[in-house]
There are 2 protein chains.
Amino acid sequence: VNERQIIQYLSERAGGADSRILQSIGDDCAVIDQGGGRVLLLTMDTLIEGVHFDCALHPPRLLGRKVVSVNISDIGAMGSRPHALLLSLGLPPSFDEQWFRCFADGLTDACRDYGCRLIGGDTVASPQGINCSVTVLGEMEMDRVVYRSGAQPGDTIWVSGPLGFAAAGLELLRLGVGQDEDWAAPLIRRHLDPMARVELGGQLAESGLVHAMIDLSDGLATDLAHLCHQSKTGALIRGHDLPGLSRLIEAGRYVPGDPFQWAVAGGEDFELLFTAAATVSEEILAVGQRCNLEPVAIGTITTGSAVRLVQPLADGAVREVDITYQGYDHFRDKSGS
Amino acid sequence: VNERQIIQYLSERAGGADSRILQSIGDDCAVIDQGGGRVLLLTMDTLIEGVHFDCALHPPRLLGRKVVSVNISDIGAMGSRPHALLLSLGLPPSFDEQWFRCFADGLTDACRDYGCRLIGGDTVASPQGINCSVTVLGEMEMDRVVYRSGAQPGDTIWVSGPLGFAAAGLELLRLGVGQDEDWAAPLIRRHLDPMARVELGGQLAESGLVHAMIDLSDGLATDLAHLCHQSKTGALIRGHDLPGLSRLIEAGRYVPGDPFQWAVAGGEDFELLFTAAATVSEEILAVGQRCNLEPVAIGTITTGSAVRLVQPLADGAVREVDITYQGYDHFRDKSGS
């Protein structure tokens, strides 16, 4: 049983038709028709100690920021902005009060940065370690929502920034490399304190240029496969165009790890991946510039269903590999894949 | 640091005024103005293995139902009905597939029973044990919402059903008593599969009779203290009127445990506690009857701030004790109280 099978099982039993629920399980957010041409967006994500973070490596203030950012990233991936946030926090009975204060400060600071407000939730005892669930609420115009399902063959595939930094950064932290190393700092920072690209997502949605969008939480291979599955398309990625690769290759000189693997399968970068007609590239770049970002075109939506990567080899040759769903699976151990 | 202090710390940093957020941290649900005289209600609760449930005692199908009921109870306590639900489920990598299917079936069955739909969430690996966060969304007329803060001195305090059954039932399960014992079955059932009194909550809100309402998740002493704190009142409870006490006394003959302690401090009954003018008792009973419930008047809202209990003693005498916040605290170990 892997994560997709769990979600599939729940999804099949989720209940009958409800004309106001425009999107249920299967996209970055659920979408509910609020009338008057407006929709409500809802997303929920959990971070668990020992799985998503290591308290020995993660300063509590940055962890507080991260639990907000990873959820708001889902709101941005639909083209919306966050309005309100609920927090359910599980703490061991012996939790450190100073740790909690820093965590809470980071969390509420991040809410302020993103323009949303903490409005509720609960706190529970969690003897085996900290866990933190967050729900974020957004709103937007119904006809501007960008789903995963709208990609069309021939579309250009864009990402909003470098891939694989968070995975490499986590590896560096585990090996004891610090942020004082110039080559390491941006990678480590991406793991500790990723930014949700919510302003870009909102402006892309408003521009009407974008056909499909998803945030990169489980890695390019898996998240692009989700988007392609929903859109009934395939994709071809040009490996040499993946942004940030040169920095990953540099890091690979100091520590063990495959730069391509980081870029293709590493999760938690929280960049946006989106598709648009090949004719609007200039406009996409202009939207990016207004958000102080440089989106990069990394491939093309195709017919079929496979997500393939053209990978440059050391001898100048290339090979094409199928990377469909080869990214992070929360139940990898179980599925045995 | 106890739970109230944690919530207080977060609440103070939750962000500036937002005129659309009618209720933030501090009630059963957050309340957001949706325009047109309608509000959105949101609540979030987490159940953690080893704290809120024991897999050896809790059949997975009933646990799936319970995670829905405990959240919908909060929606009912504002006078609303549930519309949609998000689930964030943490499972150990080696989780049992049959267990998951039963849990998911119970959860989705309960959604159907309560008339709401599972619309999203996520699944994560949780090596140290199962945890389950749920967010529920409801909607209603703005001017019918019943907050914790509306109680008035002289109000009659009502509960929708027996108190202490869930706490006693858990004790029985731990001692190996089964549901085949007639005296034990209703207690055990209340722990395993509590019902959210959402129909009663909705009808009470629509009746306009009720001044304040809360659901009994942390026990009478603590939840009534929350309501009194928000309403700037005190309360006096008549111990001999607590519903279900005779059955708790019967259980106390078979197993160790203080029936009064179960009734006053035991959490998780998920009955509603509400207050209304003493003049409308007949109308309250009529609303209860329409919902097949028998609300019981257990005391009076007073001036001051203390929650007191008049307890009958064995010799026919009575004593008055202060029970303010003497119920369940999720961080009891830490606060040392």
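The model is predicted: local features need pLDDT of at least 70 and side-chain atom pairs count only at pLDDT 80 or more, while totals for chains, interfaces and linings use all residues. Residues are numbered from 1 along each chain as its sequence is written, chains are lettered from A and ligands numbered from 1 in the order in which they are written, and side-chain values use heavy atoms, with hydrogens and water left out.

To the contact (heavy atoms within 4.5 Å), chain A contributes 67 residues and chain B 67 residues. Four salt bridges are counted between the two chains, a salt bridge being a side-chain nitrogen of Lys or Arg within 4 Å of a carboxyl oxygen of Asp or Glu. In one of them, A:Glu139 pairs with B:Arg20, with the closest N and O atoms 2.9 Å apart.

B:Glu268 is placed in the loop between helix 9 (259-265) and strand 10 (272-276) of chain B; helices (H or I, at least four residues) and strands (E, at least two) are DSSP runs, numbered from the N terminus. B:Glu268 is buried, its relative accessible area being 17%, where buried means under 20% (1.4 Å probe, protein chains only). Beyond its neighbours within four places in sequence, B:Glu268 has contacts that include B:His52, B:Lys66, B:Arg190 and B:Asp218.

Technical notes: Buried means under 20% relative accessible area, exposed over 50%, partly exposed in between (1.4 Å probe, protein chains only).
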